[in-house]
Structure formats: C-alpha cells, structure tokens
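Here are my notes on the two-chain model. Please read them with the structure open.

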Amino acid sequence: MSPPATFEAHLTALLPRLRRFAHALSRNPADADDLTQAAIERALRSKAQWQPGTRLDSWMYRIMRNLWIDTARGRARKEKFEAPPEDAERVGEDPRESLHASLDLKRVMAAMRRLPDEQREIVALILVEGFGYREVSEMLDLPIGTVSSRLMRGRTALLAMVGEQ
Amino acid sequence: MTDADDKFFAWLDGELSGDEATAMEARVVADPELSRLAEQHRAMQAQVKGAFDTVAEAQVPERLRAALRPPQGEVIDFATAARARESRRWGSLRQWAAMAATLAVGILVGTAIPSRDSAPVEVQGGRMYAASALNSALDSQLASAPSGNVRIGLTFRNQSGAICRSFTEPQASGLACREDGRWQLRGLFAAPEGQSGNYRMAGGMDPNLAALVDSTMSGEPFDAAQEKAARGKGWR
C-alpha cells in the first residue's frame, strides 16, 4: 500500500513555486533561499494551524510574505547606512547579458527591488504567481481596490524600468 | 479617453467578465494608444514572469528539500528519545508525529498477529489487551534494557493520567495504556510488508504510531529514572 501524501510531500511539491515567489520578493538569490527555508520551518512548526481541505499554497504564501515583511523592516533600517546594492547599478550595463537567463533574472530582480514593498508583493503574487485579485485580497487581507491600485502602480513602474531595454 | 485605469488592467488580467470585458475589449481595439499599452504590459509581464520561472524550473537546493524529508532509515533510539527532553532527535520525532497527524490513526492489522497461546494480544469485552510476551515486556522491561522480541519505546502519561508505553515487536508496533491493572492496546500497526521479522521498524517509528503517541501524550516522556520508578509502583 502506498502511504497517503503527507503534509511534507505537498509542501515539497510547492517548493519550486515558493522559491519563485521568494526570489520576486528578495534582493538576491541567497536571501530568497533563506526566506524559503524560514518559511518551511515556520510551516512545520505551525502545521497544526493549517486546516486540511483548505489551500496549502495560499497558506504558505501568506507565511512567506509575513516572514518577509518581518525581516524587511530590519533590513530597511540596516540598508540606510549601506551603499546601494551594486546589482542595481549594473542594470542594462551590457545588453548581451540579457540573453542569459540567470542574468535576466538578476536584472528583473533588481527592478523588482526598486518597487515599494507593498507594490512588489502584489506584483509578485498576481503577475508572477498568477493569483487572482480576489485571492490576493483575501491572502493579504486588503480591500480589492487597494490590490488593484497597488498593482497598477507597481506594473507601471516596472514597465518603465524593464520595458525600455 | 486613453487613460489606462483599473478597468483596463483588470481586463488585461482576465478579471473582467461578460459585458464589462466585451466593452473594454472594444475600447482597447478602438484606441491605438491603449492597444500599444496592452502590448507593452503583456511583453513586460512575460519577461518578468519568464525570468522568475527559471527559478521554478531550476532544481530546488538540497538544503530546502532536506528540511521536508521524513527521517526514513534514520534509527530512532527509543531509549535515547525517552531520555531526551530538548534534543534535536526528539524534535524530529515530534515533527514526524505532527506530519502523520493528518493520517488516519488506528489501523489494526490482525493478520500481523500470530494466533493461539503465544498471541501477544487478547480480546475481552471488545477491548484488546496485551498478553503473553508483550504483556510481560510492558510490565517489566525498561527501554534501556531490551530483551526478547519486544522492545519498549516511550513511556509517558496520557491526558487522563494513565501510564502508556509504546512498543515494537517484529511484526507490529503499537501503544498500550494502563487500564484497570492491565495493558490496554490503544493502537497496533503492522510492520510494512517485507519488514517483519527484523527490527527495521525500530529504525523509523511508524508514522501512525508517532501520531498516536503525539496525540496521546500529556507532558514529556519519562526519562530512565522515571520509567524505573513507575515500574516500581506497578505503573500507577
């Protein structure tokens, strides 16, 4: 007999998407994987709070987003006193770089990083992760009008940064 | 008007339906500036999503997958687990138990239990009690001193204060709690096929049993001294 799929197995299947979301939120891939790991650990600890039958992905995205908000506050304070991340300065430096997927990722991550946090999370959830407005409004506990106006501002800024290259 | 507004983007994202969608579609088609904007945004989204998709398509780093892997094949030493209060090992056992909590508990596989006099289980009044070798092991054996076919795992009190002990024997593992001076079985789980007859089960606590232990236990498992003292008092 094959064992029923476990919580861990479902979570493992979600890992690629969770990492993608983490990369959309974080300033570099190392931070993104740290965030993913922290989200896994928190999920395992608070597993009892997840209600089987409800969507595990929304629950996990919410956990990750809350962790990111928590750490983003501390990070923002710290970065005030640091030089701006060099990746941002190199955006578009060499047009050939964009041919390479990982450099393309770097460039897009740098652009995402320039969005205010509250726009970045919504751009990530809707444009990258493919959630609907209603789902995101429930996930983040925000009015749907707030979701759509933040999305509009975020994507307009992104278009100006990414689209012109 | 050519201003891109909430409606325009909602249409772009497939959030409009019916008449609203049709109306917006007509508006975009009729307005070259809006058409171009729609095109630019679609291209931008494809580029952004495409870049992040490379992450989702890449192999997940080992350290992330490892955090979710059940500790299969890892030998849980019950005696150590019983003593450990804050140890990592116990942490992973609890994690196992938490994971298994979603599974149905209480699968009794009678075929795993040999019948006749040596049967480790007897049924009375619809309840199952430990018998013969299993009963004596539960009565006298300490986790730290395994002997015979039965190994004792954790000893602890349940929510109603009765002492419970988990055990592993070649064909099954289970949990028994003290009830009216006898060891009443609370769960019995057959060893996975092909694993009976050896102690492979001791290596990875049956997840069903782990879940049962987790949901039954009140407080911490006994350490060796507490286990011994409880035996001295007849498991009361």
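Predicted model: local features only at pLDDT ≥ 70, side-chain atom pairs only at ≥ 80, totals over all residues.

1. The nonpolar core. A:Ile126 belongs to the largest nonpolar core, which has 54 residues. Together with A:Met64, A:Val108 and B:Val48, A:Ile126 touches the most other members. Helix H3 of chain B, residues 32-57, gives the largest share of this core, 8 residues.

2. A second core. A separate core holds 30 residues. Among them are B:Ile163, B:Leu188, B:Phe189 and B:Ala210.

3. Burial along H3(B). The buried residues include B:Leu34, B:Leu37, B:Ala38, B:His41, B:Met44 and B:Gln45. Further along, B:Val48, B:Ala51, B:Phe52 and B:Val55 are buried too. In an α-helix there are 3.6 residues a turn, so residues three or four places apart point the same way.

4. The contact between chains. Chain A puts in 41 residues and chain B 32 residues. On the chain A side, the elements that give two or more residues are H1 (7-25), H2 (29-45), H5 (101-113), H6 (117-128) and H8 (144-162), each of them a helix. H1(A) supplies the largest share, 11 residues. By type, the chain A side divides into 22 nonpolar, 10 polar and 9 charged residues.

How values were computed
Residues numbered from 1 in each chain as written. Chains lettered and ligands numbered in written order. Contact = placed C-beta atoms within 7 Å. Helix = DSSP H or I, 4+ residues; strand = E, 2+ residues; numbered from the N terminus. Nonpolar A, V, L, I, M, F, W, Y, C, P; charged D, E, K, R; others polar. Core = buried A, V, L, I, M, F, W, Y, C linked by C-beta atoms within 7 Å. Buried ≥ 20, exposed ≤ 12 C-beta atoms within 10 Å, placed from the backbone.
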